[in-house]
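Subject: Structure handover

Hello,

Here is the structure I said I would pass on. My notes on what was found in it follow below.

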Amino acid sequence: MLFKAVGDGRPYPEHATSQRDWARVPPRQVRLDQLVTTKRTLDLAALLAEDSTFYGDLFAHVVAWRGELYLEDGLHRALRAALQQRNVLHARVLELEPEATP
């Protein structure tokens with residue numbers, strides 16, 4: 001299996017992290033089979049475009065929440081890595097605190 005699971009939406013709370021804040025998170029390697037996607041569909045033209053990462057962050061954005069790693073941005077990068085037979089992806093991982101329970 002390529003991903004741990006294919007999700008549909010973000011189950012974690014809104015984090016309002018700006019692009020500047022993401023840039024401060026150091027990238028690390030994440031195994032593809034540990035990721036849960038937050039999108040069920042992708043644009044094939046964007047996947048195959050040579051400049052698909054030209055205007056965005058070079059690294060995928062992953063949110064760590066409640067013991068899971070959610071691929072928030074970078075589905076195209078992850079699939080491209082898989083097509084190149086790599087099982088890891090360089091990503092910025094944002095650690096969210098679990099919600100406080102009453």
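At 42% relative accessibility, K4 counts as partly exposed. The side chain of K4 meets that of E68 in a salt bridge, with 3.0 Å from N to O. The two residues are 64 apart and link distant parts of the chain: K4 sits in the segment before strand 1, E68 in strand 5. E68 is partly exposed as well, with a relative accessible area of 22%. Please keep in mind that this is a predicted model.

The count of salt bridges comes to four. Another one joins E72 and R10, where the closest N and O atoms are 4.0 Å apart. This pair also links distant parts of the chain, 62 residues apart, with E72 in strand 5 and R10 in the loop between strand 1 and helix 1. E72 has 8% relative accessibility and therefore counts as buried, the limit being 20%. R10 is partly exposed, at a relative accessible area of 47%. A further salt bridge is formed by the side chains of D21 and R24, at 2.9 Å from N to O. D21 counts as partly exposed at 32% relative accessibility, whereas R24 counts as exposed at 58%.

As for the chain as a whole, it has three helices and six strands. Along the sequence they follow the pattern β-α-β-β-α-β-β-α-β. The chain has 102 residues, of which 35% are buried.

The ring centres of Y12 and Y70 are 5.5 Å apart and the planes are at 50 degrees, so the pair is tilted. Y12 lies in the loop between strand 1 and helix 1 and Y70 lies in strand 5, so the pair ties together parts that are 58 residues apart in sequence. Both Y12 and Y70 are buried.

Is R92 buried or exposed? At 10% relative accessibility, R92 counts as buried, because buried means under 20%. A polar atom of the R92 side chain lies 2.6 Å from the backbone oxygen of V25. V25 is also one of the residues that R92 touches; leaving aside residues up to four places away in sequence, the others are W22, A23, P26, P27, D57, F59, A60, H61 and V62.

Two backbone angles remain to be listed. Phi of A16 is near 50 degrees, a positive value in a residue other than glycine. A16 is found in the loop between strand 1 (5-6) and helix 1 (19-23), and it counts as exposed at 61% relative accessibility. R66 also has a positive phi near 50 degrees, and R66 is likewise not a glycine. The loop that holds R66 runs between strand 4 (60-65) and strand 5 (68-73). With 54% relative accessibility, R66 counts as exposed.

Regards

Technical notes. Residues numbered from 1 in each chain as written. Predicted model: local features only at pLDDT ≥ 70, side-chain atom pairs only at ≥ 80, totals over all residues. Heavy atoms only, no water. Buried < 20%, exposed > 50% of the residue type's maximum accessible area, 1.4 Å probe, protein only. Polar contact = N/O pair within 3.5 Å; in protein donor to acceptor, adjacent residues only side chain to side chain. Contact = heavy atoms within 4.5 Å. Helix = DSSP H or I, 4+ residues; strand = E, 2+ residues; numbered from the N terminus. Phe/Tyr/Trp six-rings, centres within 6.5 Å; stacked < 30°, edge-to-face > 60°.
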